[in-house]
Amino acid sequence: MHSNRKNSAHFFINAATVAAELSVVLTEAKNISLEAMNAKALVARAGDNVRTFKPITDFMVELANDTIWLVKEINREALVLSRTSLAELHSSDAHNRFKRAQQKASLAPYGDTIDTIAAEASNTHHQQAMQLRRHMRKLFELLDEIESRMLAANVVTATSRLEAATAADSYQASLEGIVIKLEKAANRIKHIASKCRRSLER
Amino acid sequence: MMKVVKLHESRSHEWLVFGRDEERPSKIIDTNQYMIKTTNHAIMLDPGGIELFSAMLAAVVHHVPINQITHLFASHQDPDIISSLGLWDKTLPHAELYAPWLWEGFLRHFGCNSIRYNPLPDEGKSIRLDEVELQFIPAHYMHSSGNFSVYDPQAKILMSGDIGAALLPDNAPLFVEDFDAHVDKMRLFHQRWMPSNRAKKDWVRRVRQLEIEYLAPQHGAIFKGRDVQRFLDWLDELEVGTGVSAR
Ligand SMILES: [Fe+2]
Ligand SMILES: [Fe+2]
């Protein structure tokens, strides 16, 4: 109970911070999308020389789109979470103040006229706490998803490296350049996602 | 526990003062809250800050059931007056709040979703609770720019909000006992919190026309009988607005 209170007191700040951090991820995801377009153009130009690279560029486009969508989802969810945790904090405060009044008025002739409202405050708090847990779960799920996307990106960069190595000399450098940029973007996204996770778990 | 004193009792109504809460956190200013209880209604005048809410609610139900409290009044917008509004809003969703029109958009920041806000016009207004008439007397710039006192002509009580306030040690008596000694406890408050000599003169002029047995401020001690006139004379002479040095 105590650690829960402490959590929610910082939580609305952390959740808002997460939303801010994610704007960086969005930029990176847009970089992936841009590189995917470059790769597509290259593949089209090179034709059969880099045929095996085609599915990889398709995957990059998909990855970029998914990531952008996920980041927007996470961002929205993080803001909802920030608002929910603040509401939870308020409802918990109200609940405690009504409870204290009830205790103090235990001998008052009309003390029992507080009971309904105190029960309502307790109920509201309970519901807010449940909402908070639900939104928290949802946000962690989304972070899981983005992290697993980035793991997939790692697999793809490894394959693309091999493919780039076997491509015709004139395309090798460009393809490697694309792979490196993809890898960098994926790693930064992974890093930020796990940072967000840590700040939410605090 | 919060202390409660009955200021007036008649067939039609009662005046109660709540204050001197022993459990009040030491860094918040001590306040007096008032409640007028009529046959079927009750109004709380300057119900207090959020830190006091639990103690106030507990004290109030010693005297009335919650659903009898149908009205609230806030003399002005200060946190010590009404930052508890958000919680009263949950407690008394059907109540009405009388407060200066000037502060409506501001007071709503405390949370006023269910309670109805009745904006008081600058010139003041009278209301009736059962057989009791209450007059909201303009007290603008004393100290707040939108501000009212409450006058009960039957009980001859003027609830004066921050006017007449004194900064007293904990557990000081609830009534002024030695006026001359009391002056030292309220001089700074009036000089520094009250901004306008013109507004002060205007309020004193209005209030001199009323018959007052008790002048009841939101901080400090209540003036009784002859001390009411002494206070008005003292305030009339006092130079206020001293935060701006005369260079
Ligand atoms: Fe004030
Ligand atoms: Fe005050």
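1. Quick term before we start: a pocket here is an open set of grid points with protein on both sides within 12 Å along at least five of seven lines. Keep in mind, too, that this is a predicted model. With that in hand, the second largest pocket holds about 210 Å³ of space.

2. Who lines the second largest pocket? Among the residues there are Asp122(B), Glu123(B), His140(B), Tyr141(B), Arg198(B), Trp203(B) and Arg206(B). Helix 6 of chain B (residues 197-208) is the top contributor, giving five residues. Sorted by class, the lining has five nonpolar, five charged and two polar residues.

3. Now take a look at the largest pocket, with about 780 Å³ of space. Its lining is made of 33 residues, and the ones nearest the centre are Gly86(B), Leu87(B), Asp89(B), Lys90(B) and Thr91(B). Two or more lining residues come from each of these: helix 2 (54-104) and helix 3 (115-166) in chain A, plus strand 5 (69-73) and helix 3 (85-91) in chain B.

4. Which element gives the most to that lining? For the largest pocket, helix 3 of chain A does, with six residues. The class count there is 17 polar, 12 nonpolar and four charged residues.

5. Last stop: His190(B), which you'll find in helix 5 of chain B, residues 179-193. Is His190(B) buried or exposed? His190(B) counts as buried because its relative accessibility is 0%, and the cut-off for buried is under 20%. Leaving out residues up to four places away in sequence, His190(B) touches several others, including Asp162(B), Ile163(B), Phe231(B), Trp234(B) and Leu238(B).

Terms used: Residues are numbered from 1 along each chain as its sequence is written. Chains are lettered from A and ligands numbered from 1 in the order in which they are written. This is a predicted model: local features need pLDDT of at least 70, side-chain atom pairs count only at pLDDT 80 or more; totals for chains, interfaces and linings use all residues. Side-chain values use heavy atoms; hydrogens and water are left out. Helices (H or I, at least four residues) and strands (E, at least two) are DSSP runs, numbered from the N terminus. Buried means under 20% relative accessible area, exposed over 50%, partly exposed in between (1.4 Å probe, protein chains only). Contact means heavy atoms within 4.5 Å. On a 1 Å grid over the protein atoms alone, a cavity is a set of points where a 1.4 Å probe fits but cannot get out, and a pocket is an open set with protein on both sides within 12 Å along at least five of seven lines; lining residues have an atom within 4 Å of a point. Grid points are joined across faces, edges and corners, and a volume is the space filled by probe spheres set on the points. Ala, Val, Leu, Ile, Met, Phe, Trp, Tyr, Cys and Pro count as nonpolar, Asp, Glu, Lys and Arg as charged, and the others, Gly among them, as polar.
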